[in-house]
Amino acid sequence: MKKIIIDAGHGPETSGKRSPDGALREFTFNVATAIHVKKLLTAEGFTVLFSHNNSCDVALSERISLANKLKVSAFISIHANAFGNDWNQAQGIETYTCLNPSETSTRMATFVQQALIMRTDRKNRGVKKGDLAVLRETTMPAILVECGFMTNKKEADLLKSLGYQQQCAQAIVFGILCSL
């Protein structure tokens, strides 16, 4: 049985991670989508653990340490993007791997990105490489997904909707199933 960590990026107390009007906190989208992902993966026979806590922020080092200690098969970090602090036209979905990704990380990022674009019909910003702690310091295949921009009014509305959260979760799970 495969174990996966789902990380609802940031935390409920992380400052600045919200839409310009304050109506959407990033963690609200992240955790709702993470819960959907867990339900779907559990139904497929996976053991799914969360690296976040719904009531307080968990340090990146703790999230990474947990994943490495448990020797999980994959680490998936779910996020909503932002560009600046005001409403703007930045939009779309992108998926990150570390700067020197494993073959499995690259495959997973590619499948998840493709599934998200097909399922949500949002702009494809592509698979990118980033020097992000949760990707750089984890010892298993790891990706970070940015599911839309909180600073784009249309995407902020989508990120708040249950239907969009479920679409993102379904696509993320499909990509994981295709790559592991």
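Is D121 buried or exposed? At 67% relative accessibility, D121 counts as exposed (over 50% relative accessible area, where buried is under 20% and partly exposed lies in between, with a 1.4 Å probe and protein chains only). The views below come from a predicted model, in which local features need pLDDT of at least 70, side-chain atom pairs count only at pLDDT 80 or more, and totals for chains, interfaces and linings use all residues. Residues are numbered from 1 along each chain as its sequence is written, and side-chain values use heavy atoms, with hydrogens and water left out.

**View A. Loop residues with positive phi.** D121, in the loop between α3 (103-120) and β5 (124-129), has a positive phi of about 60 degrees although it is not a glycine. K71, in the loop between α2 and β3, has phi near 50 degrees and is exposed, with a relative accessible area of 68%. Helices (H or I, at least four residues) and strands (E, at least two) are DSSP runs numbered from the N terminus.

**View B. The largest pocket.** Its volume is about 420 Å³, the space filled by probe spheres set on grid points joined across faces, edges and corners. A pocket is an open set of points on a 1 Å grid over the protein atoms alone, where a 1.4 Å probe fits, with protein on both sides within 12 Å along at least five of seven lines; lining residues have an atom within 4 Å of a point. Of the 28 lining residues, H10, K17, E26, H79 and E146 are the closest to the centre of the pocket. The largest share of the lining, four residues, comes from β3. By type, the lining divides into 11 nonpolar, 11 polar and six charged residues (Ala, Val, Leu, Ile, Met, Phe, Trp, Tyr, Cys and Pro being nonpolar, Asp, Glu, Lys and Arg charged, and the others, Gly among them, polar).

**View C. The two faces of helix α5.** Within α5 (residues 153-160), E155, A156 and L159 are buried. These three cover an arc of only 105 degrees around the axis, taken from the directions from the helix axis to the C-beta atoms, which puts them on the same side of α5. The face turned away from that side carries the exposed residues K153 and K154.

**View D. T151 in the loop between β6 and α5.** T151 lies in this loop and, at 1% relative accessibility, counts as buried. The T151 side chain reaches the backbone nitrogen of F83 at 3.0 Å.

How values were computed: A polar contact is a pair of N or O atoms within 3.5 Å; within protein, one must be able to donate a hydrogen and the other to accept it, and residues adjacent in sequence count only if both atoms are side-chain atoms.
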